[in-house]
There are 2 protein chains.
Amino acid sequence: MKPLSIHITIDPALYTKDPASSELGKKMVQKSIEMIDEMGFEKFTFKKLGTAIGSNESSIYRYFESKHSLLVYLVSWYWSWVEYKLVFATTNITDSREKLAKSIRILTENVTEDHAFSFVNEVILHKIIIAESSKAYHTKDVDTENQKGFYKTYKRVVQLVSDMVSEVNPDFEFPTMLISTLIEGVHHQRYFSEHLPALTNVTEGEDCVMRFYNQLVFNTIL
Amino acid sequence: MKPLSIHITIDPALYTKDPASSELGKKMVQKSIEMIDEMGFEKFTFKKLGTAIGSNESSIYRYFESKHSLLVYLVSWYWSWVEYKLVFATTNITDSREKLAKSIRILTENVTEDHAFSFVNEVILHKIIIAESSKAYHTKDVDTENQKGFYKTYKRVVQLVSDMVSEVNPDFEFPTMLISTLIEGVHHQRYFSEHLPALTNVTEGEDCVMRFYNQLVFNTIL
DNA sequence: CGGGATATGATAGTAATACTATTATATTTG
DNA sequence: CAAATATAATAGTATTACTATCATATCCCG
């Protein structure tokens, strides 16, 4: 009775023991997502997580090296999932523009339902990405972590969509900048609309984010 | 012999005692900028700052409520300074497009020299803004802090330039989104070009950032 | 010039954090 | 059923982000 089960593979560099390999590990990831959403990354601790899942702090450290690693794991999971959605949705589209438009749609749409094909609640994860993901790479250790491949999935998504931009207009000079601006921008706009509305034009309900970024991309490259 | 001395006024809500009011306070701000740049916000502490300026942890707490408040202070200082630059540079321009172009230039240019009109080193501060500023508002307390006016100067800058966008094209629906996308985007691109080059098209030396965002804004609104 | 106010410094203390290390107890597997 | 493995329990550490208290230095004002 389970729906289509997609396996999101995460680079072993991002964990000590694969959380997907045990019930306890899955519970850790699942509950950590809820807790980070509720209390914010700063106030979230492994000790609290342990208590919440009826386990122990020390057990969590056997899966993740640190709180920061867990965040990187979640972010990476998210981008793998987005990559999957992008590939799945564009694979049979031959028209470049349509393909790009579809991708922009996926990158800008709000995540409102969980497909439940894994132990990760995508709706809450999306909220975490909006509020906390920038902390994953705004560290003094970025360069080392980048070398270890911590941000590979994010880079892959940006690359994928940048290539579509180049397909639409091979002469456009800055496809990667455009797409990373779009992706980061979407997260900011969603965050602003909830907390700093003076920085956006998003009105509750209507989804301007998609319309705005669609316009932005196509007007810029054509 | 002092150059044109501009007074950047900071909202008293952002400090307990005005650091600009004493030599010690100025030293705190000055040194904190250097230290946050060198070791990153996470590893920076008031104790270390105290030692570095030959003062005491407790004295710093008399100026700033917390490490976080200090960051908010610095971010606010930065935006007040940018606002000053914007107003100064555009005040006599009558042509809307030229005014907007000039503003985009100011928002996208790299800060390479310190005007030394205050105790703040703008070059290093700019680096901090790129690497750490998002942490100022990615907190669980955003809403409370926003109500207290912590992000006023940032919002004012966005508003100022959004209005110029509307002046160029009154029918454009999303001026605020466009400008906050631009501002955040510039910081991201500069960060990426240094740490995650796969996410940008910025090549060392040449300044594509300005060109790209100029193109982006004008193509989007016209 | 002396005294009171104010600014700063020194010291101590606290609860919590982000871990590490060790040992004990389950649970699984061959 | 034993050995291997996973998990739990406990303790401990250095550091953090503060608060509180008291002492000392400096400044201002009559």
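**DNA contacts and chain packing in a predicted model**

DNA strand D is surrounded by 15 residues, the closest being Leu24(A), Ser55(A), Ser58(A), Ser59(A) and Ser66(B); a residue is near a molecule or strand if its C-beta atom, placed from the backbone, lies within 6 Å of it. The model is predicted, and local features need pLDDT of at least 70, side-chain atom pairs count only at pLDDT 80 or more, and totals for chains, interfaces and linings use all residues. Residues are numbered from 1 along each chain as its sequence is written, while chains are lettered from A and ligands numbered from 1 in the order in which they are written.

Two or more residues of the surface near DNA strand D come from each of helix H3 (57–61) of chain A, helix H3 (57–61) of chain B and H4 of chain B. Helices (H or I, at least four residues) are DSSP runs, numbered from the N terminus. H3(B) provides the largest share of this surface, 3 residues. By class, the surface near DNA strand D has 2 nonpolar, 9 polar and 4 charged residues, where Ala, Val, Leu, Ile, Met, Phe, Trp, Tyr, Cys and Pro count as nonpolar, Asp, Glu, Lys and Arg as charged, and the others, Gly among them, as polar.

Turning to DNA strand C, 16 residues surround it, and the closest are Ser66(A), Leu24(B), Ser55(B), Ser58(B) and Ser59(B). Here H3(A) gives the most, with 3 residues. The residues near DNA strand C divide into 2 nonpolar, 9 polar and 5 charged.

The contact between the chains takes 40 residues from chain A and 40 residues from chain B, two residues being in contact if their C-beta atoms, placed from the backbone, lie within 7 Å. On the side of chain A that touches chain B, H10(A) gives the most, with 10 residues. That side of chain A has 15 nonpolar, 17 polar and 8 charged residues.

Within chain B, helix H4 (residues 67–90) and helix H5 (residues 96–108) pack at an angle of about 150 degrees, with their axes 10 Å apart; axes are lines fitted to C-alpha atoms, for helices over the stretch in contact, and angles run from 0 to 180 degrees between N-to-C directions. Lys85(B), Leu86(B), Ala89(B) and Thr90(B) of H4(B) meet Lys99(B), Lys102(B), Ser103(B) and Ile106(B) of H5(B). This contact has 3 nonpolar, 2 polar and 3 charged residues.

Finally, Glu42(B) lies in helix H1 (residues 23–43) of chain B. The C-alpha atoms of Glu42(B) and Glu132(B), 90 residues apart along the chain, are separated by 9.6 Å.
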